[in-house]
Amino acid sequence: MTASIGYPDRTTFYWLLATSVLVLAPLGAHVPLGLWGVIAGLFAWRYAMVARAWRAPGRILRLGLVTLVLVLVYQHYHTLIGRDAGIALLAGLLALKFLELKNPRDAMLCVFLLYFLMVGGFLYSQSI
């Protein structure tokens, strides 16, 4: 792996990405469709960064993406507070965090965000 891509290595990244997709899949009906497009685009962008050694986006672009996620969640739920808006916002911020994976701390933060999203799924249904 080249130095510009950073942590994690490819195998670890692929496992983390697959886990993220599996955790987010049950939340499909509870996250707005427009936000799903942004999340999928961000995951694809990070995949291309790893597979093709693309550079990470700059600070201004990342700030614009955070604003986009906030606006999409607010437009759909008319708030940023609550179960539905919180889960959608957390899903969007997880995808944004993927763009910043540089060290083990960032990867662990993604894992903990995934734990919160799994628990958030239980707020909708506690069935098997």
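A residue counts as exposed when its relative accessible area is over 50%. By that criterion His78, with a relative accessible area of 60%, is exposed. The model described here is predicted; the mean pLDDT of the protein chain is 90, and 93% of its residues reach 70 or more. Over residues 1–5, however, the pLDDT is below 50, and this stretch has 12 contacts in the model beyond near neighbours in sequence. Where pLDDT is low, the predicted coordinates should not be read in detail.

**Helix α5**

- Helix α5 spans residues 104–122, 19 residues in total, and extends 28 Å from its first C-alpha to its last, close to the expected 27 Å.
- Asp106, Ala107, Cys110, Leu113, Leu114, Leu117 and Gly120 are the buried residues of α5.
- Viewed down the axis of α5, these buried residues fall within an arc of 125°, so they line one face of the helix.
- The cover over the buried residues of α5 includes α1 (10–24) and α4 (83–98).
- On the face turned away from the buried side, α5 carries the exposed residues Arg105, Phe116 and Val119.
- At the start of α5, a side-chain oxygen of Asn103 comes to within 3.1 Å of the backbone nitrogen of Arg105.

**Loop residues with positive phi**

- Most residues other than glycine have a negative phi.
- Ala53, in the loop between α2 (33–52) and α3 (59–77), has a positive phi near 60°.
- Ala53 counts as partly exposed, at 34% relative accessibility.
- His78 lies in the loop between α3 and α4, and its phi is likewise positive, at about 60°.

Note on methods:
Residues numbered from 1 in each chain as written. Predicted model: local features only at pLDDT ≥ 70, side-chain atom pairs only at ≥ 80, totals over all residues. Heavy atoms only, no water. Helix = DSSP H or I, 4+ residues; strand = E, 2+ residues; numbered from the N terminus. Expected span 1.5 Å × (residues − 1). Buried < 20%, exposed > 50% of the residue type's maximum accessible area, 1.4 Å probe, protein only. Arc of directions from axis to C-beta. Contact = heavy atoms within 4.5 Å. Polar contact = N/O pair within 3.5 Å; in protein donor to acceptor, adjacent residues only side chain to side chain. pLDDT = per-residue confidence, 0-100.
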